[in-house]
Amino acid sequence: MLGLLLALFSVTAWSTNYVAGRYLALHGVDPIALSLARFAVATPVIFAMTRFPRYAGGMRELALSSALGVSVFNIALYAALGYMSASAASLFVVMASPLTVVISYAARRETPPPIAVVGSLLALAGAYLVLAPYISIKSALGPALASVATLSWTAYTLYVRRLYKIYPPGSASAWISLMGLAFLAPTAVVAHFNTLAGWDVATALLYVAVVPGALAYTAWNVAISRAGPAKTAATLPLLPVITLAMSAIILGEVPTIMQTVGVATAALGVFLTVRYAH
């Protein structure tokens, strides 16, 4: 239960990340500069949260986890937001849920429970109904980049558990973040850091670094260690549901009938996946 609650926290935090990322993209913020600055802030925060864990080896596992969960995922996702709406990008990342369920069973050479597969597809369909009114794609480059981000995050969620034989999940998060930042560092030569100027941009950057970044990443890793990758990833379709609920409560936006159906479908799908996947 704690693992699922932590996964839900991460999904809630990430539901605001897409809006903030879209805001920054519309203000001309360079995605490479944003990724570098985000993890330059998030990394020391994670180390402080985990009481500055010592390096304990596992360089290969750290390197691959960092590449998948930090470098590739973030650059591809933030770049995609320049060519599509936050809702469209969010839907692509939600696709990591059924992918993770199917691949996690395939890796164990097991057949996934049909009801768990049906549940993950229902959850994806519900997420689409919630997001459909806001989906906008300017260029085919957007879906291409978002697909790279989705595949990268799926692989990360499945692979990172190997590190838990060496590090506790929180400590693994710290070293993954640091190594991911190291991988991103060479891109600084082409990054446009001048696009980060301004208090409004700095405020949004600080938020995405600390909440969807440091806190949510660490919570997600702990969730994987406790609930497993399939159950943890099963919560991803709740991302647009939570965003819709926040918009209704904070902004007074009334969901359409189809969005309401989507909320119910996504919730049912997530329940079935969590209940029957293992």
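Author: Happy to. Read along the sequence, the protein chain runs α-α-α-α-α-α-α-α-α-α-α-α, with twelve helices and zero strands. Helices (H or I, at least four residues) and strands (E, at least two) are DSSP runs, numbered from the N terminus. This is a predicted model, where local features need pLDDT of at least 70 and side-chain atom pairs count only at pLDDT 80 or more, while totals for chains, interfaces and linings use all residues. Residues are numbered from 1 along each chain as its sequence is written, and side-chain values use heavy atoms, leaving out hydrogens and water.

Reader: How do you know whether the radius of gyration agrees with a compact globule?

Author: The radius is taken over C-alpha atoms, and the globule rule is 2.2 Å times the number of residues to the power 0.38. For 278 residues a compact globule would come out near 19 Å, and the protein chain has 18 Å, so the two agree. The C-alpha trace spans about 45 × 40 × 35 Å along its principal axes.

Reader: What makes Thr43 count as buried or exposed?

Author: Buried means under 20% relative accessible area, exposed over 50%, and partly exposed in between (1.4 Å probe, protein chains only). Thr43 has 4% relative accessibility, so Thr43 counts as buried. Thr43 sits in helix α2 (residues 31-49). Leaving aside neighbours within four places in sequence, Thr43 is in contact (heavy atoms within 4.5 Å) with Ala174, Ser177, Leu178 and Leu181. Of the 278 residues of the protein chain, 55% count as buried.

Reader: And Leu131, why does that one count as buried?

Author: Leu131 has 5% relative accessibility, so Leu131 counts as buried. Leu131 lies in helix α6 (residues 114-131) and, neighbours within four places in sequence aside, is in contact with Ser87, Ser90, Leu91 and Pro240.

Reader: Why is Ser225 called partly exposed?

Author: Its relative accessible area is 33%, so Ser225 is partly exposed. Ser225 is found in helix α9 and touches Tyr164 and Pro169, not counting residues up to four places away in sequence. Ser225 and Pro168 are 57 residues apart in sequence and 8.7 Å apart in space, C-alpha to C-alpha.

Reader: What makes a set of residues a nonpolar core?

Author: The set has to hold buried Ala, Val, Leu, Ile, Met, Phe, Trp, Tyr and Cys residues joined through side-chain atoms within 4.5 Å. The largest nonpolar core here has 68 residues, of which Trp14, Trp153, Leu163, Ile176, Trp220 and Leu236 touch the most other members. Helix α9 (residues 199-227) gives the most to this core, with ten residues. As for Leu236, its contacts beyond four places in sequence include Val11, Trp14, Trp153 and Trp220.

Reader: Why does Met1 count as exposed, and what patch does it belong to?

Author: Met1 has 73% relative accessibility, so Met1 counts as exposed. Met1 lies in the segment before α1 (2-26). Met1, Leu2, Leu5 and Leu8 form a nonpolar patch on the surface, with about 420 Å² of accessible area together. Patches are made of residues with over 30% relative accessible area and no salt bridge: like charges are joined within 9 Å, nonpolar side chains (Val, Leu, Ile, Met, Phe, Trp, Tyr) within 5 Å. A salt bridge is a side-chain nitrogen of Lys or Arg within 4 Å of a carboxyl oxygen of Asp or Glu. Accessible areas come from the Shrake-Rupley method with a 1.4 Å probe; for residues, only the protein chains shown count as cover.
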